[in-house]
Amino acid sequence: MSDDYLVRIGKLIRDARQHRGWTQTQLAEALGTSQSAVNRIERGNQNISLEMIARIGEALDSEIVSLGYAGPMHLRVVGGRRLSGAIDVKTSKNACVALLCGSLLNKGRTVLRRVARIEEVYRLLEVLNSIGVRTRWINDGVDLELVPPAELEMAAIDAEAAVRTRSIIMFLGPLLHRMDAFKLPYAGGCDLGTRTIEPHMIALRRFGLDIAATEGQYHARVDRTVRPDRPIVLTERGDTVTENALLAAARHDGVTVIRNASSNYMVQDLCFFLEALGVRVEGIGTTTLTVHGVPNIDVDVDYSPSEDPVEAMSLLAAAVVTESELTVRRVPIEFLEIELAVLEEMGLDHDRSPEYFADNGRTRLVDLTVRPSKLEAPIDKIHPMPFPGLNIDNVPFFAAIAAVASGQTLIHDWVYDNRAIYLTDLNRLGGRLQLLDPHRVLVEGPTRWRAAEMMCPPALRPAVVVLLAMMAAEGTSVLRNVYVINRGYEDLAERLNSVGAQIEIFRDI
């Protein structure tokens with residue numbers, strides 16, 4: 001292996017380690033080697049086997065090199081191009097993964113329409129397949145059919161797929177009705193700092209679920225004598241926490257009241273799906289949900305999840321950052337009204353069509369046309385709040401938008417420990433972002449973007465924000481190892497190319 005290749009591989013390993021937030025010592029401990037050996041590898045001063053590269057990639061959850069299959073995907077972006085035309089919003093990632101978990105409630109056949117074909121969905125399907133659920137793509141690969149077995153084979157669960165998705169935590173709610181004891185691998189997903197599962201446990205203990213976490217697994221046991229005898233008050237108004245409580249309540253023989261519930265888009269979609277299963281849910285769209293459970297669910301159900309408001313925000317941000325006129329169709333307007341109000345305050349020129357319904361017959365959609373605008377920094381800080389506030393997942397897009405606005409914008413991302421740090425990757429593309437603390441970033445605009453080559457941040461939304469900035473930067477940029485983007489977006493590069501972007505997908509040999 002030539003010295004040049006060793007240096008390049010060392011740089012990739014160093015970047016992946018730094019994005020993971022690890023020291024050289026932490027990586028050395030994971031590999032069973034010394035810090036000095038890791039230092040030599042990263043400097044390109046030590047020969048390294050393919051087997052060791054694969055081990056490092058596994059430790060860092062970064063496909064630095066792949067053995068026996070295609071290597072990691074990268075994007076080459078020719079920036080400075082204007083977008084034009086129209087682009088449709090795909091179905092919601094977060095709704096689709098909740099519905100996949102929800103299918104475990106049903107003994108019958110579940111068909112989900114226009115499911116997002118993304119890595120997060122693929123990982124969940126691998127887990128479902130491993131425990132005996134039969135799945136197949138139908139109607140030319142557009143829709144997904146799921147048929148459960150009579151008994152789930154939890155001992156055969158695909159742990160490798162499970163640890164790559166945080167959504168596995170939503171298996172707890174359905175599984176507690178199907179078996180008295182089971183094991184689940186720890187939840188994974190984006191690297192966004194420490195996120196405790198204790199709020200899930202507080203809610204699910206009311207249904208008799210007790211969990212001990214040991215040796216990389218949740219060991220779950222269910223006490224059938226325990227039943228929720230008073231309203232369940234969630235200690236955080238989280239989306240997945242609310243969904244887990246809903247999934248547990250759906251087959252509880254009685255009425256469950258859930259307070260401080262999230263009323264966000266994916267929770268509403270799950271409620272609509274539960275109604276299709278025969279479960280009555282009162283208070284959809286509010287913070288108090290009353291669930292009339294059905295102990296045995298055995299129906300053939302057909303459901304269409306609604307469109308993704310975060311993807312819609314991504315596409316709107318792409319138009320704003322590249323100073324383009326673009327129509328984004330099928331936007332779930334109820335879940336973007338605060339974001340649009342902030343953008344209007346900043347000076348965004350846009351208009352919207354009359355409202356119409358999504359395929360589920362419940363979610364309100366519009367088509368939005370965005371035009372090049374002279375933006376000013378907002379007077380107030382940008383910060384997320386539970387729905388109907390500004391969506392937590394939409395905060396990163398305001399970093400790129402604020403960077404093209406005149407003035408200073410304070411972004412306070414109080415929910416996640418690391419995400420604000422990843423936003424400062426925009427500085428490598430010409431941005432002027434000052435990290436005030438792990439949760440606050442001060443953005444100075446306007447920005448003259450410049451091309452760069454860099455590793456993809458290990459969190460979904462900051463990774464897309466970097467891609468959008470590359471699209472605005474004159475010249476050719478390279479974004480390496482975009483697996484995290486593929487976790488949440490279907491064919492994003494190709495779809496952006498369809499409206500004028502120039503993004504090439506390539507892989508290392």
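**Entry 1: helix α14 and its sheet**

I looked up helix α14 (residues 395-403) and found that it lies across β18, β19 and β20, at about 25° to β20. Contact here means heavy atoms within 4.5 Å. Axes are lines fitted to C-alpha atoms, for helices over the stretch in contact, and angles run from 0 to 180 degrees between N-to-C directions. Helices (H or I, at least four residues) and strands (E, at least two) are DSSP runs, numbered from the N terminus.

I note that this is a predicted model, in which local features need pLDDT of at least 70 and side-chain atom pairs count only at pLDDT 80 or more, while totals for chains, interfaces and linings use all residues. Residues are numbered from 1 along each chain as its sequence is written, and side-chain values use heavy atoms, with hydrogens and water left out.

I then traced the open sheet, whose three strands follow the order β18-β20-β19 with antiparallel pairing. Two strands pair if DSSP finds at least two bridges between them. The edge strands, β18 (407-412) and β19 (432-437), each pair on one side only. Between β18 and β20 (residues 440-445) I recorded six bridges. Q408 has E444 in β20 as its bridge partner.

**Entry 2: aromatic pairs**

I searched the whole structure for aromatic pairs and recorded three. Rings of Phe, Tyr and Trp (its six-membered ring) pair if their centres lie within 6.5 Å; planes under 30 degrees apart count as stacked, over 60 as edge-to-face and the rest as tilted.

Y265 lies in helix α11 (residues 265-276) and F335 in the loop between β14 (326-332) and α13 (337-346), so the pair ties together parts 70 residues apart in sequence. Y265 and F335 are both buried, that is, under 20% relative accessible area, where exposed is over 50% and partly exposed lies in between (1.4 Å probe, protein chains only). Y265, F335 and F387 form one aromatic cluster.

F273 and Y303 also form an edge-to-face pair, 6.0 Å centre to centre with 70° between the planes. Both F273 and Y303 are buried.

**Entry 3: cysteines**

How many disulfides does a search of the whole structure find? I found zero, a disulfide being a pair of cysteine sulfur atoms within 2.5 Å. The sulfur of C96 is too far for a bond, because the closest cysteine sulfur, in C101, is 11 Å away. C96 counts as buried at 2% relative accessibility.
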